[in-house]
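Here are my notes on this model, point by point. Please read them with the structure open.

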Amino acid sequence: MIEKGRLNVRQLAILLFLCTIGEQILVFPSMITSYAQEDAWLSAILGVGGGMGVLIIFLAVYNLNPRINLIENALQTFGSWIGALISCFYLFYFLISTSTFIRELGDFMTTQILPSSPIWAIDLLFVGALAWGLIQGIACIGRTAEVFLPLVVLFLIILLVLLLPQMQLSNIKPVLSNGILAPLKGFVAVLTYPYCELCIFMMLLPYTNQKPHMKKDILLTGMIGGLMLTLTLTISLLVMGSFLTQHYWFASFMLAQKINIGNFLQRMEAFIACVWIIAVFFKAILFFYGFILGIAHLFRLSSYRSLILPSALIIFSMSILIAPNETYYLKVVIPYWIDWDLTCGIALPLLLILVHKLRARSSKI
């Protein structure tokens, strides 16, 4: 077996939570509000329910053969040629996703925190951290996630509590003023970005020590992560209103800048920046891991470790080349990403389940 490291269920659940909030903790309010305006909170609640269905699909794929990951499953189910094409499709998705997460971090740091720093320096530093984490192995990544989880939760709670005095219920009224279609568009976006991107866990589930309650823990963690995003979105609407939430790409960061308790406790945006960087790190490293592990299985290599350095250089280059500027990324890349996520997160896993069931039925005849 290429991967000998193992995660326990707690570590898997923590990684799932961090991957769910991921880069979305900053951009989720703006993204969903652009579709549903004042009703974005309603879209988020519906999306969390739909996200549970997406996670059930991932678990169903895993249950087809708990000993193999997504790439191995595709090769085994569809055969060498079609399975290789589907595997390459997923590997390219993992590659571009990792590069995009790094680019988002670079854009954020160079526009909000370190405006005088070149974006390539930020990206190179982050890619180096990802490569070092992969060298340590998946078990080490799981243990590190356990260490950082309390810090992430604490910072989020501080942010939400300190903003309570500034909330105004009138900012989310009237409900359904634009009809039902706008919240449904927001629902699709919620289903796509936090949840369909969790398809990366079909690469991790076979390397988790199985427990009877694993399915329940995965669904519960996915729901908690989605509700955390929903709460962040709702507070953004209640404090800033739909117009400002929609037009601030890093809405949660702007939200943290509004904290001011007695002209003493303020400038808390560094907390939300730390939460975001930690969450993006774990989401990016999981997609990076899925990319190199999938390549190792596709080409039947004995280990994926020799792929870490060349893959890191490719990802670093792609993070710079993926978009000329932030505006291009927002206007051109994001709208098409929904289709890609839905394909990788729902369409192909359902096709995999269908073909596997048909082949199993035909073998019994």
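1. Asp107 and Arg103 sit 4 residues apart in helix H5, about one turn of the helix. They form a salt bridge, with the closest N and O atoms 3.2 Å apart (a side-chain nitrogen of Lys or Arg within 4 Å of a carboxyl oxygen of Asp or Glu). Asp107 is buried, and so is Arg103 (buried is under 20% relative accessible area, exposed over 50%, partly exposed in between; 1.4 Å probe, protein chains only). Helices here are DSSP runs of H or I, at least four residues, numbered from the N terminus.

2. The model is predicted: local features need pLDDT of at least 70, side-chain atom pairs count only at pLDDT 80 or more, and totals for chains, interfaces and linings use all residues. Residues are numbered from 1 along each chain as its sequence is written, and side-chain values use heavy atoms, leaving out hydrogens and water.

3. How many salt bridges does a search of the whole structure find? It finds 3. In one of them, the side chains of Lys283 and Glu197 meet at 2.6 Å, N to O. Lys283 lies in helix H11 and Glu197 in the loop between H8 and helix H9 (214-247), so the pair ties together parts 86 residues apart in sequence. Lys283 is buried, at 1% relative accessible area. Glu197 is buried too, at 2%.

4. Arg10 and Glu146 also form a salt bridge (2.5 Å, N to O). Arg10 is in helix H1 (residues 9-21) and Glu146 in helix H7, so this pair ties together parts 136 residues apart in sequence. Glu146 is partly exposed, at 23% relative accessibility.

5. The whole structure holds 14 aromatic pairs (ring centres of Phe, Tyr and Trp, the last by its six-membered ring, within 6.5 Å; planes under 30 degrees apart are stacked, over 60 edge-to-face, the rest tilted). Phe94 and Phe287 have ring centres 5.9 Å apart and planes at 80 degrees, so they pair edge-to-face. Phe94 is in helix H5 (residues 80-113) and Phe287 in helix H11 (residues 269-298), 193 residues apart. Phe94 is buried, at 0% relative accessibility. Phe287 is also buried, at 0%.

6. The largest nonpolar core has 136 residues (buried Ala, Val, Leu, Ile, Met, Phe, Trp, Tyr and Cys joined through side-chain atoms within 4.5 Å). Helix H11 gives the most to this core, with 21 residues. Phe94 is among the residues with the most contacts inside the core.

Notes. Helix = DSSP H or I, 4+ residues; strand = E, 2+ residues; numbered from the N terminus.
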